[in-house]
Amino acid sequence: MTSPSHTDATEIPDRLRGPLARMLASWEFLLLIVAILIFFFNTQASPYFLDAWNLSDATFNFTEKAMIAFAMALVIISGEIDLSVASIIALVSTSMGFAVQFGVDTPLLIVIAIAVGAACGAFNGFLVAMMGLPSIVVTIGTLSLFRGIAYIVLGDQAYSGYPASFAFFGQGYVWWVITFEMVLFMAIAILFYTLLHRTSFGRSVKAIGNNPTAALFAGIRVSRVKFILFVLTGIMSAIAAICLTSRLGSTRPSIAVGWELEIVTMVVLGGVNILGGAGTILGVFIAAIVMGLVTFGLGLLNVPGIVMSIFTGLLLITVIALPIVIRRTHRRAS
Amino acid sequence: MKLSRDTLLCLALFALVGVVYLRFPEFASPASLLGVFNDTSILIILALGQMAVILTRCIDLSMASNLALVGMCTAMVNSAVPGIPIPLLVVMAMLLGAVLGSLNGILVWKLDIPPIVVTLGTLTIFRGIIFLISDGQWVNAHEMSPSFKALPRLSLFGLPMLSWVALLSIVCMYVLLNRTQLGRAFYAVGGNPNAAVYTGIDVGRSRFNAFVLSGALSGIAGYLWVSRYAVAYVDIASGFELDVVAACVIGGISIAGGMGSVAGAVLGALFLGVIKNALPVVNISPFWQQAISGSAIIVAVIFNARSERRLGRIILKQAEQT
């Protein structure tokens with residue numbers, strides 16, 4: 001989208017910066033400092049902040065969203081976007097609620113959830129990867145469609161009566177204050193870290209985001225990789241839906257409405273380039289914690305949710321604008 | 001014979017009305033159809049603004065929040081100072097909308113931030129500001145002055161003012177897009193930004209102008225919405241931005257920029273309007289509406305992709321692969 005008169009050719013420096021300097025200048029390090037600052041500010045702002053149980057409760061703010069954010073990060077790195085994730089949660093949750101009415105027990109519920117999530121993702125993936133349609137419009141369409149189906153099934157009703165064993169996913173503790181969701185969140189983070197940074201699949205995701213044509217010529221099956229990414233996002237949405245439904249104990253068609261925005265914010269805050277090609281899982285991981293700390297801190301200060309959304313919006317724009325402004329002033333100075 | 005995209009959409013619209021007519025003949029009466037048009041007016045106005053933005057290869061997801069914020073402001077001004085003449089209030093609404101739109105525009109133009117990120121951000125920020133200024137309170141019908149609520153219903157030659165505003169916007173947009181440099185610049189910028197630069201068009205400035213335009217139209221729609229429904233609160237028109245994008249996509253406006261017509265945007269909006277108004281008539285639960293709009297978007301985008309491959313009505317031909 002830049003004008004052709006000046007291309008962003010990076011100059012080759014005389015010598016590379018050392019590993020320590022590179023780490024200190026990295027986005028993740030900056031985020032970490034922000035996280036520590038917010039943590040410190042929160043301890044000063046509210047005496048209730050530094051309580052193990054309070055902090056444990058606070059993790060619910062971000063764990064479910066972050067699970068999807070990891071998959072979304074891969075989708076965005078590949079140059080696409082998926083705005084339908086919150087609607088997939090609604091549809092998955094509705095499917096589970098529907099199944100419960102027929103006395104289906106927990107193991108089968110999980111299978112149904114994953115299957116529905118994967119099917120939703122495959123539908124997105126088919127339209128985007130196989131038919132070559134723009135992902136932003138397709139997923140705005142499926143955003144409407146998936147939640148629309150939930151509304152058709154449920155109307156103004158709600159499903160409840162989930163089996164007792166189902167409650168573990170969103171309410172269970174593994175040890176002391178460590179919730180099941182926290183463990184799952186960590187496991188998924190490690191999984192996605194490995195996938196993006198340690199496998200050839202991850203390399204091809206980045207290659208596609210940087211230059212899909214070159215990636216194709218390099219022998220990467222671009223549409224297949226994109227298809228897999230959408231299915232993966234669908235599955236992660238289903239896992240988040242299981243946790244959220246289990247935590248709430250009921251399903252309404254308006255469940256998780258507006259989450260897509262917060263998840264995209266999380267990914268972008270984590271340093272993933274919204275135009276594709278670059279990003280790290282560590283960044284998204286820290287960004288999730290930053291956002292969790294901010295919402296928890298503001299909550300302790302009795303700031304209403306809608307006002308917090310101003311912070312989320314400002315955070316999103318500032319975080320993207322900041323590097324651009326810095327780079328521009330840098331270029332002007334040199 | 002090859003039918004143009006707009007003709008096809010027009011036929012689809014007739015078919016849709018025809019199907020409803022079979023079940024419920026009253027629906028196709030002129031009075032009822034004018035009612036549907038009136039009900040769709042706000043969507044048409046917004047779709048025209050969104051279209052200008054999409055033509056330049058951007059997207060404005062903040063339109064509904066802009067509408068709600070301007071609506072809340074005008075309602076609060078009206079209830080605080082009922083003496084302000086309504087035309088002045090409408091102009092204020094338009095200006096405020098334009099200012100909000102220019103915020104999006106500046107960020108896209110000067111900082112090169114992707115429009116989807118900017119407008120996702122301002123979508124929440126505007127919504128949050130409504131809560132801050134209104135303190136979560138509603139502005140109810142009895143707090144608004146009678147003339148404030150009367151304007152959209154004011155009948156002129158048998159049509160309510162609301163419809164007239166929509167018609168006026170359609171005419172203005174048609175002239176702007178087809179008869180002015182600014183309008184042609186929108187097409188050129190979206191069709192091929194690189195070539196547009198070589199022809200002396202300032203790409204960023206054109207995008208900025210498109211955002212100001214969509215903001216101004218959102219502002220007008222904000223007043224119309226609040227006065228028509230005679231209530232203002234934090235969540236008005238929440239999620240409406242997707243309907244607006246849907247109207248444009250159904251109307252054949254290419255999300256890749258540079259392609260689309262005013263007739264398409266209007267027909268796309270009317271298509272959704274007819275569905276919304278027909279569902280209760282043919283006894284389908286209104287809960288079906290969201291799924292139907294979603295499916296319509298997907299079908300339309302598949303259809304668009306096929307027709308775009310065939311004929312590119314891009315006014316600056318592809319000079320180089322971007």
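Ile208(A) sits in helix 10 (residues 200-210) of chain A. Helices here are DSSP runs of H or I with at least four residues, numbered from the N terminus. The model is predicted: local features need pLDDT of at least 70, side-chain atom pairs count only at pLDDT 80 or more, and totals for chains, interfaces and linings use all residues. Residues are numbered from 1 along each chain as its sequence is written, while chains are lettered from A and ligands numbered from 1 in the order in which they are written.

**Two buried residues**

Ile208(A) has 27 other C-beta atoms within 10 Å, so it is buried. The cut-off for buried is 20 or more other C-beta atoms within 10 Å of a residue's own, with C-beta atoms placed from the backbone. Beyond its neighbours within four places in sequence, Ile208(A) contacts Ser78(A), Gly79(A), Ala215(A), Ile220(A), Val222(A) and Val225(A). Contact means that two C-beta atoms, placed from the backbone, lie within 7 Å.

Val245(B) belongs to helix 11 of chain B. Val245(B) is buried because it has 28 C-beta neighbours inside 10 Å. Setting aside residues up to four places away in sequence, Val245(B) touches Ile140(A), Gln50(B) and Ile59(B).

Each of these residues can be paired with another along its chain.

| Pair | Apart in sequence | C-alpha to C-alpha |
|---|---|---|
| Ile208(A) and Gly277(A) | 69 residues | 7.1 Å |
| Val245(B) and Ala265(B) | 20 residues | 9.7 Å |

In chain B, the axes of helix 11 (residues 240-250) and helix 12 (residues 262-281) come within 7 Å and cross at roughly 120°. Helix 11 of chain B is therefore oblique to helix 12 of chain B. Oblique covers what remains once angles under 35 degrees (roughly parallel), over 145 (roughly antiparallel) and 65 to 115 (roughly perpendicular) are set aside. Axes are lines fitted to C-alpha atoms over the stretch in contact, and angles run from 0 to 180 degrees between N-to-C directions. The crossing of helix 11 and helix 12 of chain B is right-handed. That word applies if the near helix is turned clockwise from the far one by less than a right angle. Helix 11 of chain B contributes Asp243(B), Ala246(B), Ala247(B), Cys248(B) and Ile250(B), and helix 12 of chain B contributes Ala265(B), Gly268(B), Ala269(B), Phe271(B) and Leu272(B). By class, this contact has eight nonpolar residues, one polar and one charged. Nonpolar means Ala, Val, Leu, Ile, Met, Phe, Trp, Tyr, Cys and Pro; charged means Asp, Glu, Lys and Arg; the others, Gly among them, are polar.

In chain A, helix 13 and helix 14 (residues 281-300) pack at about 125°, with axes 7 Å apart. Helix 13 of chain A is therefore oblique to helix 14 of chain A. Their crossing is right-handed. Met266(A), Val267(A) and Leu269(A) of helix 13 meet Val284(A), Ala287(A), Ala288(A), Val290(A) and Met291(A) of helix 14. That contact holds eight nonpolar residues, with no polar and no charged ones.

**Between the chains**

The contact takes 42 residues from chain A and 41 residues from chain B. On the chain A side, helix 7 (135-154), helix 13 (259-269) and helix 15 (305-333) each give two or more residues. Helix 7 of chain A gives the most, with 14 residues. The chain A side divides into 31 nonpolar, 10 polar and one charged.

**Helix 10 of chain B**

Helix 10 of chain B is mostly covered, with 25 of its 27 residues buried. Ala230(B) follows this helix and has a positive phi, near 55°.

Conventions
Buried ≥ 20, exposed ≤ 12 C-beta atoms within 10 Å, placed from the backbone.
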